[in-house]
Amino acid sequence: MGASGFLGSHVTRHLVERGDEVRVLLRRSSTTKPIEDLDVERHYGDIFDERAVRAAMAGCDTVYYCVVDTRAWLRDATPLFRTNVDGLRHVLDIAIQLNLRRFVFTSTIGTIAVGEVNSPATEDTPYNWKGRGGPYIESRRRAEDLVLRYTREHGLPAVVMCVANTYGPDDWQPTPHGALVAMVARGRMPVYFRGIGSAVVGIDDAAEAMVLAADNGRVGERYIVSESYLTQRELYAVAAEAVGLKPPAVGIPQFVLVTVGYAMAVVRRMRRRDYRFTPTSVQLLRWTSPLDHGKAVRELHWQPRPAIESIRGAARFFVERG
């Protein structure tokens with residue numbers, strides 16, 4: 001589910017390439033560009049369509065759930081909770097009636113605590129930034145809690161994957177973080193923000209972790225899917241140099257970022273329009289830290305490659321597609 005998205009399409013490709021029989025659930029309006037060359041059984045409908053969901057999951061041993069609304073900038077957060085929580089609950093109510101081997105759920109590192117440079121957060125680090133991520137992160141936290149509750153109370157064989165920012169080719173939509181790399185690769189990003197960074201992972205490695213979770217993941221457990229932590233300056237430098245450009249040279253202090261975020265909030269209220277740059281998006285940029293993916297290495301036997309290789313691939317993809 002979510003096979004037309006960035007992560008979902010790469011999970012689908014991994015499964016097809018290893019010889020699995022794969023069925024996907026797509027909305028009629030979804031682009032199938034990322035998977036149009038793959039031999040998969042296609043079902044159409046959305047996660048609120050009971051008949052479509054039942055038909056899609058019938059007879060499957062594993063469900064990979066990659067559906068998420070990432071529009072953290074929405075003034076009205078109702079669509080976020082409808083998709084990320086209510087839609088998920090609808091799918092789970094059906095899933096517990098089936099004889100699934102695994103339900104691999106795509107969560108986010110936004111549900112993981114913020115650690116320190118010398119003490120990266122793990123899956124067990126107590127959550128320490130509640131309320132700072134806005135409605136989007138709250139919807140993702142509720143979704144993750146819902147999956148784990150269904151595991152405890154209804155026997156859902158779920159594994160939760162807390163995925164970092166993913167980078168790589170074929171980011172057609174693109175993702176919000178991929179869009180920034182696209183700007184860098186096209187020479188449209190002259191600045192970076194000092195002290196801002198993010199946990200990153202290559203898209204193929206993230207998809208591989210999802211596949212491994214179905215085979216090796218322990219039911220009811222969470223796994224961090226993050227290869228490394230890069231500052232914004234480092235990330236932009238990798239992207240720019242991959243396409244022969246000079247990286248952004250001007251570093252902007254964080255207080256400017258915060259000030260602009262709140263200024264945009266005023267503009268949003270006055271114009272009654274959604275803009276991607278908001279106080280919440282600023283918080284999401286600032287509340288990040290290095291993460292420890294050792295549990296995924298030990299238990300899933302995951303061996304991620306350096307994410308900078310995938311960032312280079314993303315930059316070249318954005319330039320080549322025009």
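His301 sits in the loop that runs between α10 (294–300) and α11 (307–321), where helices (H or I, at least four residues) and strands (E, at least two) are DSSP runs numbered from the N terminus. The structure is a predicted model, so local features need pLDDT of at least 70 and side-chain atom pairs count only at pLDDT 80 or more, while totals for chains, interfaces and linings use all residues. Residues are numbered from 1 along each chain as its sequence is written, and side-chain values use heavy atoms, with hydrogens and water left out.

Most residues other than glycine have a negative phi, and most peptide bonds are trans. His301, not a glycine, has a positive phi of about 65 degrees, and with a relative accessible area of 54% it is exposed (exposed is over 50%, buried under 20%, partly exposed in between; 1.4 Å probe, protein chains only). Arg272 also isn't a glycine, yet its phi is positive at about 55 degrees. Arg272 falls in the loop between α8 (254–271) and α9 (279–286) and is exposed at 66% relative accessibility. As for peptide bonds, the one joining Gln173 and Pro174 is cis, with omega about -20 degrees; Pro174 belongs to the loop between β6 (165–167) and α5 (176–185).

Then there's helix α4 (residues 134–154): its 21 residues reach 30 Å from first C-alpha to last, close to the 30 Å expected (1.5 Å times one less than the number of residues). Its buried residues include Tyr136, Ile137, Arg140 and Leu148.
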